[in-house]
Amino acid sequence: MRKPEKPGAAQRRLWRMTPTAPFGEFVDADDKPDKPAAPPAPDELREASWTRSSWDLLNGLEVTESASGDLLDELFGAPPRAAPASPGPDLAANAGEWIRRFALRLAELDLQRDPRELIELAKRQWVTQHNLAPEEAAELERARPTSP
């Protein structure tokens with residue numbers, strides 16, 4: 001074991017972190033502080049830092065809420081507008097599109113029907129129901145009772 005080079009008491013050094021030295025510093029344990037320690041400040045007046053935040057998270061933080069009073073309407077944006085009314089049924093641009101959409105929708109509703117039969121039915125329905133959306137007309141056709 002090594003002996004100290006100077007006879008007498010060894011100097012004690014400590015590592016500490018303070019608000020003035022946030023990354024830490026070595027200090028002599030036997031030295032007296034130059035100025036007296038300031039009395040602790042209320043929480044609102046303490047400087048916020050990561051150590052303070054960590055301490056609050058570790059030990060809990062008491063939060064009190066107060067009424068905010070009347071809020072000004074200028075602080076908030078204008079209320080959202082009402083959704084526009086639906087433009088109505090999505091009508092087909094031409095007879096071919098209407099027949100195709102009608103046949104596809106009826107094929108989805110009735111999987112047992114023959115595709116050629118669906119197209120012929122769509123052509124007949126176009127004459128009388130072209131003012132409806134083809135999907136709506138197909139659903140009405142599916143709901144209609146079949147004649148024996």
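Colleague: What should I know about the ground rules?
Modeller: This is a predicted model, where local features need pLDDT of at least 70, side-chain atom pairs count only at pLDDT 80 or more, and totals for chains, interfaces and linings use all residues. Residues are numbered from 1 along each chain as its sequence is written, and side-chain values use heavy atoms, with hydrogens and water left out.

Colleague: How do you know what confidence the protein has?
Modeller: By pLDDT, the predictor's confidence in each residue, from 0 to 100. The mean is 76, and 67% of the residues reach 70 or more. Confidence is lowest in helix α1 (residues 50-59), at a mean of 77, and highest in α2, at 89. Helices here are DSSP runs (H or I, at least four residues), as are strands (E, at least two), numbered from the N terminus.

Colleague: Why is the pair E97 and R101 called a salt bridge?
Modeller: The term asks for a side-chain nitrogen of Lys or Arg within 4 Å of a carboxyl oxygen of Asp or Glu. The closest N and O atoms of E97 and R101 are 3.2 Å apart. That is within the limit, so the pair qualifies.

Colleague: How are E97 and R101 placed in helix α2?
Modeller: They are four residues apart in helix α2 (residues 95-109), so about one helical turn separates them.

Colleague: What makes R144 and E141 a salt bridge?
Modeller: Their closest N and O atoms are 2.2 Å apart. That falls within the cut-off, so the term applies. R144 is partly exposed at 46%, while E141 is buried at 12%. Elsewhere, salt bridges that share partners join E97, R101 and E135 into one network.

Colleague: How many salt bridges does a search of the whole structure find?
Modeller: Ten.

Colleague: What joins the side chains of D110 and R113?
Modeller: A polar contact of 3.3 Å. That term means a pair of N or O atoms within 3.5 Å; within protein, one must be able to donate a hydrogen and the other to accept it, and residues adjacent in sequence count only if both atoms are side-chain atoms. D110 and R113 also form a salt bridge, with closest N and O atoms 3.3 Å apart. D110 is found in the loop between α2 and α3 (115-129). At 15%, D110 counts as buried, whereas R113 is partly exposed at 22%.

Colleague: Which residues make up the largest nonpolar core?
Modeller: A nonpolar core is a set of buried Ala, Val, Leu, Ile, Met, Phe, Trp, Tyr and Cys residues joined through side-chain atoms within 4.5 Å. The largest has eleven residues in all, including W98, F102, L106, L118 and L121. The elements giving two or more residues are α2, α3 and α4 (134-143). The most come from α2, with five.

Terms used. Buried means under 20% relative accessible area, exposed over 50%, partly exposed in between (1.4 Å probe, protein chains only).
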